[in-house]
Each structure stands twice: as C-alpha cells, then as structure tokens.
Amino acid sequence: MEAGLQSTLASSEISFETFGKTTADLNLIDRTHPSSNFGVLKNLCADVIVGQMFLRQHSSVTFMMNGYKEALTIATSAESPDAGNPAVAAADLEPPRLFEFLLPACKPIAAPSRRYSSEDTKFIRSEVQRLLDADIIEPVRSPWRTQVHSPWITQDAYPLPNMEDLVIRIAREKCFSSIELRLEYHQVPLLAEERHYTAFEADGQLFQYKRLPSGVTNGVSAFQRSIDKFIKRHRLKKVYAYLDDLTVTGETLEEHYKNLKRVLDAAVECNLTINEEKSISHN
C-alpha cells in the first residue's frame, strides 16, 4: 500500500491525503468493475465512495431513493443551469486580504509564454471574453504573470468547518433548507491593491482578476472567511456554512421560515446570487 496520494473534491480545490491504496473488484447492482483502484481514507461515512473517474465510465448513473415523488433527472455539465457559467455581479462583501502573507523574499514571477493549438486558442479567447463581459477580469500592466504559490506565500490557517460537527448540529433541528451560491468564488471582490498578483496571460494579452479566482492559494480560506463574516454581519441565526453551501435550520416550521427569510433578505441586500435550481427546502 502506498501512502501520501492526493485526492481532490470536485467542488473546489480542497485536497486530502490518503494513507494507502488497494485494488478490488467492485460489484454494483448488475455490473462488475474488476481490479478497480481505491484510495484508503480514514473516517469515511460509507464503506466505499465512488467519484468522477467511476461516473465518467457511464452515460448516466441512477440512484434509487425510494421516494414518493417522480424521478429527478440531474443534467450533465453541458446541460446544467450553470452551463456556460452565467454572469454574477460582485457581492457587497468585505474583500479578503488574499496575499497578506507574502514572504519578504517574494519577487514578481513572469512565467514563460506557452503555445496553444488553434482549438485551445479559440476556447481561451471565448473564456476571456466571457470573463471580461462578466466584469470578473480586466486588462492590466503588471510584473506578475502567474498565480502566487507557496513557497512564496504562507498558507492562511483559517479553518474550514468540521463536517461531522455540522451534520450533528443540523440533525438536531426538524426543518432545514439548503442554499447554494452561484459561481461562489466570483462573487467575492478582491482588494484593488492585490489584484495585480493574479495577473495571467491569455491570447497574447495580460489580465488580472477583479474577483476571487478559483484555484488560487488561500482562496478556500478567504472564501470561507467572507461567508462567515456575512453571517456574523447580519446576525443570522441557525445558519451553517461550508463554502458555497448554506444550511438554514429551525426547531419549528415557523422558526425555520423566519431564519430563512433573514438569510434571503441579507443576500438581496449584499447582492449575493443564489443558485435557485440547486437550493432545496426540507420540512
């Protein structure tokens, strides 16, 4: 068994380390997947968790939930409501200090330019135009031409919520709603004086982010801190946030609706965009 392998969650750049790997036959319903590779993790909530590599082997995967409502079809990424990444406005959130912990020895980095195929170039131009139209990036003059990585920036130690603790606290309530933010990172504004650190080259030009980009060092911590401040600023009660997922709870239906209304009103006030298609309520 080999330890130290890195696994990454599909919804963000959060990664965790396995302490071994193994091979086994996976028998699922009427299909056998021989000699499948598995990473070994601690404290799983199930015996086996299958991920994107497994799902990509099938045109679709159906889970029987035995509910009373008709079947729910989850669209593929190309068909989903977020396909094409519809624009969101910058929210009225306090900009995080993303590059506060730059080390003194850090100097501007200009990564060498790369050549791309005509197909890749067409895609890059399309993405750049989409980000420009959405006011997420802007042209820039900067000595930087790459993201800032460790060892030049110290990791922000701001903690993410413990999932087990969240589940226990939510399970104590009788009513809850799940709210998902649309294009979560791109709603968080960046400080004007820190934007040049995010400079990148695309199609022979230099751009910088005006809002928090995904994949940047300390991006996860910065986003969680912004959402925690949003909850504290508006004195929201019984609201539990894990990155872009907010769970609003209540002991009674009346309390739940009251807490939910306060969250929705605060979102409107701060111009937070909610993905209504992926937000649900359970009573």
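**Exercise 1.** Work out what share of the chain's contacts with a separation of 6 or more comes from residues 24 or more positions apart.

*Solution.* Start with the term: a contact means heavy atoms within 4.5 Å. Next, take the contacts in the chain with a separation of 6 or more; residues 24 or more positions apart account for 69% of them.

A word on the model: it is predicted, so local features need pLDDT of at least 70 and side-chain atom pairs count only at pLDDT 80 or more, while totals for chains, interfaces and linings use all residues. Residues are numbered from 1 along each chain as its sequence is written, and side-chain values use heavy atoms, leaving out hydrogens and water.

**Exercise 2.** Find where E180 sits, and decide whether E180 is buried or exposed.

*Solution.* First, locate the residue: E180 belongs to strand 6, residues 175-180. Strands are DSSP runs of E with at least two residues, helices are runs of H or I with at least four, and both are numbered from the N terminus. Second, recall the cut-offs: buried is under 20% relative accessible area, exposed is over 50%, and partly exposed lies in between (1.4 Å probe, protein chains only). Because its relative accessibility is 17%, E180 counts as buried. Third, look at its partners: leaving aside neighbours within four places in sequence, E180 touches D244, D245, I274, N275, K278 and S279.
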